[in-house]
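Dear colleague,

Please find the structure below, handed over for your files.

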Amino acid sequence: MGAALIRYRVIAWIVGVVLILLVVIGMPLKYGFDEPVVVETIGPAHGFLYMGYLVAAFDLSRRADWPLKRMLAVMLAGTVPFVSFWAERRVSRWVAVRPERTPETVAS
């Protein structure tokens, strides 16, 4: 599960940074100065990266046996600026506290 957590953490940070760039720089340029170039380039990139975020969050949630509500909350965290950073820290704590499943513990 360690590799799944690392994949999730990396993509959560990337999606968070790209979303902040889109909202803080791209949207004001588009709507305030009629310059949509940043939104036209960063917007599709964020959409593509968000799909990777969803896959990583789903993979981690299945490996950690999370309930559906937790999985959906983590997946939605990538849609709100700054929330993906908070969710990444929470997910790291949830996984760190959870004991690792080994074949011996699964069999018993």
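In this protein, residues 24 or more positions apart account for 72% of the contacts with a separation of 6 or more, where contact means heavy atoms within 4.5 Å. Please note that this is a predicted model, in which local features need pLDDT of at least 70 and side-chain atom pairs count only at pLDDT 80 or more, while totals for chains, interfaces and linings use all residues. Residues are numbered from 1 along each chain as its sequence is written, and side-chain values use heavy atoms, with hydrogens and water left out.

Overall organisation

The protein has five helices and zero strands, giving the pattern α-α-α-α-α along the sequence. Helices (H or I, at least four residues) and strands (E, at least two) are DSSP runs, numbered from the N terminus. Of the 108 residues, 34% count as buried; buried means under 20% relative accessible area, exposed over 50%, and partly exposed in between (1.4 Å probe, protein chains only). The protein exposes about 6,700 Å², of which carbon and sulfur atoms supply 72%. Accessible areas come from the Shrake-Rupley method with a 1.4 Å probe, and for residues only the protein chains shown count as cover.

In soluble globular proteins, nonpolar side chains tend to be buried together. The largest nonpolar core here has 21 residues, and those with the most contacts inside it are Y8, Y53, L60, W66, V74, V91 and V95. Helices α1, α2, α3 and α4 are the elements that give two or more residues to this core. A second, separate core of six residues includes L19, V38, V39 and I42. A nonpolar core is a set of buried Ala, Val, Leu, Ile, Met, Phe, Trp, Tyr and Cys residues joined through side-chain atoms within 4.5 Å. Leaving aside neighbours within four places in sequence, Y8 is in contact with Y53, A56, A57, L60, V74, A87, E88 and V91.

Helix α3 (residues 68–76) has M71, V74 and M75 as its buried residues. These cover an arc of only 100 degrees around the axis, which puts them on the same side of α3; the arc is that of the directions from the helix axis to the C-beta atoms. K69 and L76, on the other side of α3, are exposed. The buried residues of α3 pack against α1 (2–33), α2 (37–64) and α4 (83–97).

The loop between α3 and α4 contains A77 and V80. A77 is buried, with a relative accessible area of 5%, whereas V80 counts as partly exposed at 40% relative accessibility. Apart from neighbours within four places in sequence, A77 is in contact with Y53, V83, S84 and A87. The C-alpha atoms of A77 and A12 are separated by 8.9 Å, although these residues are 65 residues apart along the chain. V80 and L19 are 61 residues apart in sequence and 7.9 Å apart in space, C-alpha to C-alpha.

Salt bridges

Side chains of opposite charge can pair when their charged atoms come close. A search of the whole structure finds four salt bridges, each defined as a side-chain nitrogen of Lys or Arg within 4 Å of a carboxyl oxygen of Asp or Glu. One of them pairs D59 with R7, the closest N and O atoms being 3.0 Å apart. D59 lies in helix α2 and R7 in helix α1, so this pair ties together parts that are 52 residues apart in sequence. Both count as partly exposed, D59 at 21% relative accessibility and R7 at 43%.

E88 and R9 also meet in a salt bridge (2.3 Å, N to O). Since E88 lies in helix α4 and R9 in helix α1, the pair ties together parts that are 79 residues apart in sequence. E88 counts as buried at 1% relative accessibility, while R9 is partly exposed at 31%. R89 forms a salt bridge with E88 as well, with the closest N and O atoms 3.8 Å apart; R89 is partly exposed, at 37% relative accessible area. Salt bridges that share partners join R7, D59 and R63 into one network.

A nonpolar surface patch

On the surface, W13, V17, L21, V23, V24, I25, M27 and Y31 form a nonpolar patch with about 730 Å² of accessible area together. Patches are made of residues with over 30% relative accessible area and no salt bridge, like charges being joined within 9 Å and nonpolar side chains (Val, Leu, Ile, Met, Phe, Trp, Tyr) within 5 Å. V24, one of the patch residues, is placed in helix α1.

Yours sincerely
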